[in-house]
Amino acid sequence: SENMLLSRSEYQKYFQQVQTQSNYRVQVGVFSTYDAADTHVKKLKETFLEPIMVISEVRNNETLFKVRIGQFESYDEADGFRLILMNDYKMQGIVQ
């Protein structure tokens, strides 16, 4: 319907917003199988309320499954959470 059509400027505003918006997460594991990544996710969900995601990436013809936690608006916020993971939970992580 006509109501659902966006003007050109509305489209540009939407896409510019999406491109400039970025979220930071803390990567807490890299696994060679999805099952191993999923097992790690289940353990994390027992402790944390933050969103957890698995990203698959092919490198050198091998698929890696990266487990990332959180959704932070700034690098500093994500890095603060990384420090909490390290100090309180003895978990290593890197901000992505």
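**Aromatic pairs, salt bridges and a core**

Visitor: Why is Y34 called partly exposed?
Guide: Y34 has a relative accessibility of 44%, and the label covers what lies between buried (under 20% relative accessible area) and exposed (over 50%), with a 1.4 Å probe and protein chains only; Y34 therefore counts as partly exposed. The model is predicted, so local features need pLDDT of at least 70 and side-chain atom pairs count only at pLDDT 80 or more, whereas totals for chains, interfaces and linings use all residues. Residues are numbered from 1 along each chain as its sequence is written, and side-chain values use heavy atoms, with hydrogens and water left out.

Visitor: How many aromatic pairs are there by this rule?
Guide: Rings of Phe, Tyr and Trp (its six-membered ring) pair if their centres lie within 6.5 Å, and the pair is stacked when the planes are under 30 degrees apart, edge-to-face when over 60, and tilted for the rest. By this rule the count comes to five.

Visitor: What makes the pair of Y24 and Y75 edge-to-face?
Guide: The ring centres of Y24 and Y75 are 6.1 Å apart and their planes stand at 90 degrees, so the pair is edge-to-face. Y24, at 26% relative accessibility, is partly exposed, and Y75, with 43%, is partly exposed.

Visitor: What makes the pair of Y34 and F65 edge-to-face?
Guide: For Y34 and F65 the centre-to-centre distance is 5.9 Å and the angle between the planes is 75 degrees, which is edge-to-face. Y34 lies in helix α2 and F65 in strand β3, so this pair ties together parts that are 31 residues apart in sequence. F65 has a relative accessible area of 15%, so F65 is buried.

Visitor: How do you know that K66 and E57 form a salt bridge?
Guide: The term asks for a side-chain nitrogen of Lys or Arg within 4 Å of a carboxyl oxygen of Asp or Glu, and the closest N and O atoms of K66 and E57 are 2.9 Å apart. K66, with a relative accessible area of 9%, is buried, while E57, at 24%, counts as partly exposed. E57, R59 and K66 are linked in a network of salt bridges, and the structure holds four salt bridges.

Visitor: Where do D79 and R82 lie?
Guide: Both D79 and R82 lie in helix α3, three residues apart, about one turn of the helix, and their side chains meet in a salt bridge at 2.7 Å, N to O. D79 has a relative accessible area of 19% and is buried, and R82, with 19%, is buried.

Visitor: Which residues have the most contacts inside the largest nonpolar core?
Guide: A nonpolar core is a set of buried Ala, Val, Leu, Ile, Met, Phe, Trp, Tyr and Cys residues joined through side-chain atoms within 4.5 Å. The largest such core has 16 residues, and those with the most contacts inside it are V26, V28, I69 and L85. The elements β1 (24-31), α2 (34-47), β3 (62-72) and α3 (75-89) each supply at least two residues of this core, and β3 gives the most, with four residues.
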